[in-house]
Number of protein chains: 2
Amino acid sequence: MEDRGTFDHLPHKTIARLSQYRRALLLCLSRGKSHIFSHEIATIQHITPVQVRRDLMLIGYSGTLRKGYNIKELISLIGNIIDSEEGLKVAIVGMGNLGRALINYFSGKRHKLSIIAGFDTNPDKIGNTMNGVPCYSATRMREIIEKEGIQIAIITVPAENASQTANELVAAGIKGLLNYTPKPIDVPEYVYLEEYDMITTLEKVAFYVKMKTLEEKGITTI
Amino acid sequence: MEDRGTFDHLPHKTIARLSQYRRALLLCLSRGKSHIFSHEIATIQHITPVQVRRDLMLIGYSGTLRKGYNIKELISLIGNIIDSEEGLKVAIVGMGNLGRALINYFSGKRHKLSIIAGFDTNPDKIGNTMNGVPCYSATRMREIIEKEGIQIAIITVPAENASQTANELVAAGIKGLLNYTPKPIDVPEYVYLEEYDMITTLEKVAFYVKMKTLEEKGITTI
DNA sequence: AAATAATTGTTAATAAAATAACATTGTTAT
DNA sequence: ATAACAATGTTATTTTATTAACAATTATTT
Ligand SMILES: NC(=O)c1ccc[n+]([C@@H]2O[C@H](COP(=O)([O-])OP(=O)(O)OC[C@H]3O[C@@H](n4cnc5c(N)ncnc54)[C@H](O)[C@@H]3O)[C@@H](O)[C@H]2O)c1
Ligand SMILES: NC(=O)c1ccc[n+]([C@@H]2O[C@H](COP(=O)([O-])OP(=O)(O)OC[C@H]3O[C@@H](n4cnc5c(N)ncnc54)[C@H](O)[C@@H]3O)[C@@H](O)[C@H]2O)c1
């Protein structure tokens, strides 16, 4: 029999949406709202209310018929699922434009997930602090990751250094990697990897803009 | 009968992968390679060779049995599909940390897609040029978008200004939007929208790291 | 010349995700 | 009271995406 507290078969897409729901819920809470309907969440996220209810069904949360979902309760439940009880520590490697943008943005946003170290090879950056995050020499990566028990790393070094950096991080015991360089990296199967490239997203936008334009012109063949 | 040159039913995921294939192919080309096998592309992209061949089948490209795919030809075909013949112009709104990181990264990478204008409200930034991209006052958005025929915009303003910025961009005639603020925006159906939030990605990584850890400990219930 | 191996291209099967359908339950209006 | 309504929760269906299976082709080896 399926246990209500077993969350390891949740669809990947549901995990991503739960994170987004929480973001929206936190915003609503801060505006003094206490309850929310599935169609309200749906509108914010550009999805259907059924999708929302299905996701919430999968995590075993029930709302009330006329008031909808209790925002605080739901935030807390999503936290139980996504967050690690003890919290997870994150490092960012490459304190350049992108690394700084991410640190600025993320700092203090989630208390169970915090960027606690940055690494760089540029002597001018080593020793500085960025939004409370100290920048260490990249040569100390392994030492500090082990000492602090850092489990997740974000890679924002120049593309040509991506794979070497990834190898060092894996050797240091990292369990999850988020690679923002345009160079796909290889990791052993026990490391969870996500990669993101803005050019892919932008080209996707461009493709659909092109398609809409051709459609308007009545052209259906390239 | 289905025309070989009709690309409007390609799966969304295939579009994203084509962009990634091209990125990998360009790299291989620059290293002097002329042909590539499906399993080589697959290894780079962390997918299966079958997936690659299926995608290429969908776009109607054939390789040769013992040499694989002709890299130049394939790059060119992917270009025919993704790129607009005349090229598309892109604007970036909000020339802060993230905006600058994206401009730096993207500049000159794709010749059929170019960021040609930035907008900001900060007088210190207006009038400057960043990597060849001029920064205009946000009050001139509509004027310049119309004059230049800009069709795509990237939003990197503070979250509280996201929806107003989006509205102005839509009013100015933008056809595609890429929203990097954590505030989901609403657009009419004729505008293609993509949103990306790094926190969602990072939380997904955190969730799977947590799961792997619990698994190792033999815990299957939270 | 035959067997083997490596590769492509395509169809078939499976899996994952989204959507639709609908029963259920309170609430409000008549 | 009863009907109409507006929600939730769940099952069934459909759609989308991935993976498997395999025939066809050509180079290489025996
Ligand atoms: N995914 C995206 O959407 C996206 C967007 C922008 C940039 N990028 C990529 O992100 C990376 C960083 O971009 P950026 O604009 O911040 O570049 P940047 O040059 O400003 O920053 C790179 C930093 O990494 C440091 N560095 C170099 N080698 C290192 C090493 N081995 N270990 C640690 N630090 C090292 C450099 O000193 C520098 O501070 C690039 O690969 C770029 O292509 C990706
Ligand atoms: N999606 C992600 O992964 C991600 C990562 C980092 C930051 N962000 C978000 O991106 C946005 C920008 O982050 P940042 O670190 O660059 O912030 P920033 O403060 O450095 O930059 C914002 C810029 O926008 C300008 N601006 C303000 N109002 C404007 C308006 N109405 N029109 C035009 N320009 C305007 C400001 O003058 C500033 O230059 C924020 O919303 C942040 O939350 C998202």
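This is a predicted model: local features need pLDDT of at least 70, side-chain atom pairs count only at pLDDT 80 or more; totals for chains, interfaces and linings use all residues.
**Which surfaces meet?** Next I compared the interface residues of the two chains. Of those in chain B, 100% are also interface residues in chain A, so the copies meet through the same surface. I counted 77 residues of chain B in contact with 77 residues of chain A.

**Buried area.** I then looked up how much the chains bury between them: about 6900 Å², with 65% of it on carbon and sulfur atoms. Which three residues supply more of chain B's share than any other three? They are Met198(B), Leu202(B) and Glu203(B), which supply 10% of the area that chain B buries against chain A.

**Charges and polar pairs.** Glu203(B) came up again here, as its side chain meets that of Arg22(A) in a salt bridge, 2.7 Å from N to O. The rule finds 8 salt bridges across the interface of chain B and chain A. For polar contacts, I found 30 residue pairs across this interface, both partners at pLDDT 80 or more.

**Elements involved.** I listed what gives two or more residues to the side of chain B that touches chain A: the helices α1 (12–30), α2 (38–45), α4 (71–82), α5 (97–106) and α8 (198–216), and the strands β7 (152–155), β8 (176–179) and β9 (192–195). α8(B) gives the most, with 17 residues. Sorting the residues on this side of chain B by type, I got 38 nonpolar, 19 polar and 20 charged.

Methods: Residues are numbered from 1 along each chain as its sequence is written. Chains are lettered from A and ligands numbered from 1 in the order in which they are written. Side-chain values use heavy atoms; hydrogens and water are left out. Contact means heavy atoms within 4.5 Å. Buried area is the accessible area (1.4 Å probe) that two parts lose on being put together, summed over both. A salt bridge is a side-chain nitrogen of Lys or Arg within 4 Å of a carboxyl oxygen of Asp or Glu. A polar contact is a pair of N or O atoms within 3.5 Å; within protein, one must be able to donate a hydrogen and the other to accept it, and residues adjacent in sequence count only if both atoms are side-chain atoms. Helices (H or I, at least four residues) and strands (E, at least two) are DSSP runs, numbered from the N terminus. Ala, Val, Leu, Ile, Met, Phe, Trp, Tyr, Cys and Pro count as nonpolar, Asp, Glu, Lys and Arg as charged, and the others, Gly among them, as polar.
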